Amino acid sequence: MIVYSGTSTTALGRRVAEGLGAVFADVEARRFPDGETYLRSRSTAEGEDCLVVSSTPGNDDLVELVLLLDLLRDLGASRVDAVVPYIGYSRQDRRFMAGEALSAKTVLKLVSGLSDSVTSVNCHFLDGEGVYEFHGMKVKNLDAFPLLAEYFAGKLEKPVVIAPDRGSLDYARNAAKLMGCEFDFLRKKRLSGDEVVVEVKDLDVGGRDVLILDDMISTGGTVIEAAKVLRDQDAASVNVGCVHGVFSHGMEKVAACVDMLACTDTLERGISEVSVSGLVADAFRRHPRTIP
Ligand code: R5P
């Protein structure tokens with residue numbers, strides 16, 4: 001097996017290759033003067049099972065992934081499995097208004113059409129761990145919340161886990177179970193793209209070390225608002241873990257309102273303290289031929 005990675009996920013790709021004892025492919029990726037993407041595989045893909053690990057936080061990353069998947073087929077790979085830990089456009093998974101593009105479906109169509117299987121990590125439009133169908137296309141969804149739970153378990157004395165909204169509810173509840181601590185969720189109402197209001201539900205967080213677990217932080221609006229509300233409730237500390245650290249408005253504003261902030265390496269950030277490489281490697285080690 002050969003592991004390829006996109007430029008946004010090179011460190012993760014390398015870790016997955018190490019975990020699988022596989023070759024990490026040598027790829028030349030650069031830009032033409034007009035901004036178009038140039039790709040060349042210096043590794044031989046012919047007759048090989050190729051695993052392509054690449055998140056798509058931006059349009060260029062998506063183009064790179066699509067070019068790479070198609071290239072590997074052209075080069076005669078025996079199998080091309082796509083691991084897209086963070087799938088861009090995943091929040092446009094329905095038409096919120098008539099006439100809108102169903103972008104999540106389109107992106108998945110591109111990746112799925114050029115690969116033998118698609119695997120993701122806490123994909124926003126899927127409900128839990130396992131194999132799901134989305135508009136007729138199969139996606140295997142891995143859950144990194146247990147890894148976040150493990151990371152914070154050793155750092156917080158008497159934590160209480162909070163899901164900032166219903167989206168991450170089941171994942172966070174399961175993480176709380178693993179940590180052997182209490183759990184609650186907040187009620188969230190989105191006012192605009194980066195404005196939300198949240199309300200505490202039942203639990204008294206006074207004097208407790210709160211751990212907010214979410215699938216992603218994008219603008220940071222949700223977590224910032226949740227941290228404010230929890231501090232008003234006299235939480236002893238407010239800590240945040242997320243799988244995908246998108247940070248479209250930068251990380252500083254979020255970091256400033258919490259005690260500890262960590263994310264995984266589905267997107268490579270300065271605070272990517274938790275690696276999903278073992279999760280990905282395990283998925284391919286145990287079921288090399290049976291994933292969708
Ligand atoms: C929503 O359902 C998700 O779980 C996240 O809470 C949300 O996407 C975070 O977005 P933002 O950081 O822009 O508030």
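The largest share of the lining of the largest pocket comes from strand S14, which supplies four residues. The model is a predicted one.

The largest pocket holds about 960 Å³ of space. It is lined by 30 residues, and those closest to its centre are Arg-91, His-124, Asp-165, Lys-188 and Arg-190. Helix H5 (169–179), S12, S14 and H6 are the elements that each give two or more residues to this lining. By residue type, the lining of the largest pocket divides into 10 nonpolar, nine polar and 11 charged residues.

What takes up the space of the largest pocket? The ligand does.

Around the ligand there are 14 residues, and the ones that come nearest are Asp-214, Asp-215, Ser-218, Thr-219 and Thr-222. This shell divides into two nonpolar, six polar and six charged residues. Three elements each supply at least two residues of the shell: strand S12 (187–192), strand S14 (209–217) and helix H6 (221–232). Of the elements, S14 gives the most to the shell, with four residues. S14 also makes the largest contribution to the lining of the largest pocket, again with four residues.

| Residue | Side-chain atom | Ligand atom | Distance |
|---|---|---|---|
| Asp-165 | polar atom | oxygen atom | 3.1 Å |
| Asp-215 | N or O atom | oxygen atom | 2.6 Å |
| Thr-219 | polar atom | oxygen atom | 2.6 Å |

On its own, the ligand has 380 Å² of accessible area, and the protein covers 92% of that area.

Asp-165 is one of the residues closest to the centre of the largest pocket, and a polar atom of the Asp-165 side chain lies 3.1 Å from an oxygen atom of the ligand. Asp-215 is among the residues that come nearest to the ligand, and an N or O atom of the Asp-215 side chain is 2.6 Å from a ligand oxygen atom. Thr-219 is also among the nearest residues, with a polar side-chain atom 2.6 Å from an oxygen atom of the ligand.

Notes:
Residues numbered from 1 in each chain as written. Predicted model: local features only at pLDDT ≥ 70, side-chain atom pairs only at ≥ 80, totals over all residues. Heavy atoms only, no water. Near = heavy atom within 4 Å. Polar contact = N/O pair within 3.5 Å; in protein donor to acceptor, adjacent residues only side chain to side chain. Areas by Shrake-Rupley, 256 points an atom, 1.4 Å probe, with all protein chains shown as cover. 1 Å grid on protein atoms, 1.4 Å probe; cavity = no way out; pocket = protein on both sides within 12 Å on 5 of 7 lines; lining within 4 Å. Sits in = over half its atoms within 2 Å of the grid points. Nonpolar A, V, L, I, M, F, W, Y, C, P; charged D, E, K, R; others polar. Points joined across faces, edges and corners; volume = space filled by probe spheres on them.
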